[in-house]
Amino acid sequence: MNIECKTQRNSVRQKTAKMVANDDFQPCECSLCGAEINAAHQSNNPYPLGSEGDKCCHICNVTQVIPARLGLNPDETEDLVRDLLPLVLERLRGQEERLKALKDARKHAA
Ligand SMILES: [Zn+2]
């Protein structure tokens with residue numbers, strides 16, 4: 001990643017952090033499944049499902065909203081989730097291992 005990309009990425013992160021910090025987020029329920037949503041970063045726009053102003057949880061976003069935006073039918077959605085889930089879990093495990101290695105390295109350096 002070049003310096004221009006890093007600068008742009010950091011600028012976006014700072015703006016996003018301010019937006020979340022300044023947000024007077026009101027806890028609410030997912031408009032699709034009723035799960036509790038306690039922070040802005042846990043909420044998603046359910047469009048084209050739900051009504052304007054509704055919020056949905058991450059699970060409904062991945063399993064219902066994104067497939068609806070892609071115009072997938074329920075069978076295709078199930079296939080998509082089934083295919084993607086192992087990849088997502090693999091990536092998360094990789095992140096956990098990198099984080100653990102980083103923490104171990106810091107522990108040994110201290
Ligand atoms: Zn939900």
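Helix 3 has a kink of about 30° at Leu84, shortly before the proline Pro86; the bend at a residue is the angle between axes fitted to the seven residues ending there and the seven starting there. This is a predicted model, in which local features need pLDDT of at least 70, side-chain atom pairs count only at pLDDT 80 or more, and totals for chains, interfaces and linings use all residues. Residues are numbered from 1 along each chain as its sequence is written.

**Overall layout**
- The chain has three helices and two strands, where helices (H or I, at least four residues) and strands (E, at least two) are DSSP runs numbered from the N terminus.
- Along the sequence, these follow the pattern α-β-β-α-α.
- Of the 110 residues in the chain, 12% are buried, that is, 20 or more other C-beta atoms, placed from the backbone, lie within 10 Å of the residue's own.

**Helix 3**
- Helix 3 covers residues 74–109, and its 36 residues should span 52 Å at 1.5 Å a residue, which agrees with the 51 Å between its end C-alpha atoms; the expected span is 1.5 Å times one less than the number of residues.
- The count of buried residues in helix 3 is zero.

- Helix 2 (residues 58–69) has Cys60, Asn61, Val65 and Pro67 buried, and helix 3 is included in what covers them.
- Just after helix 2, Gly71 takes a positive phi of about 75°.
- The largest nonpolar core has seven residues, among them Cys56, Cys60 and Val65; such a core is a set of buried Ala, Val, Leu, Ile, Met, Phe, Trp, Tyr and Cys residues joined through C-beta atoms within 7 Å.

Note on methods. Contact = placed C-beta atoms within 7 Å.
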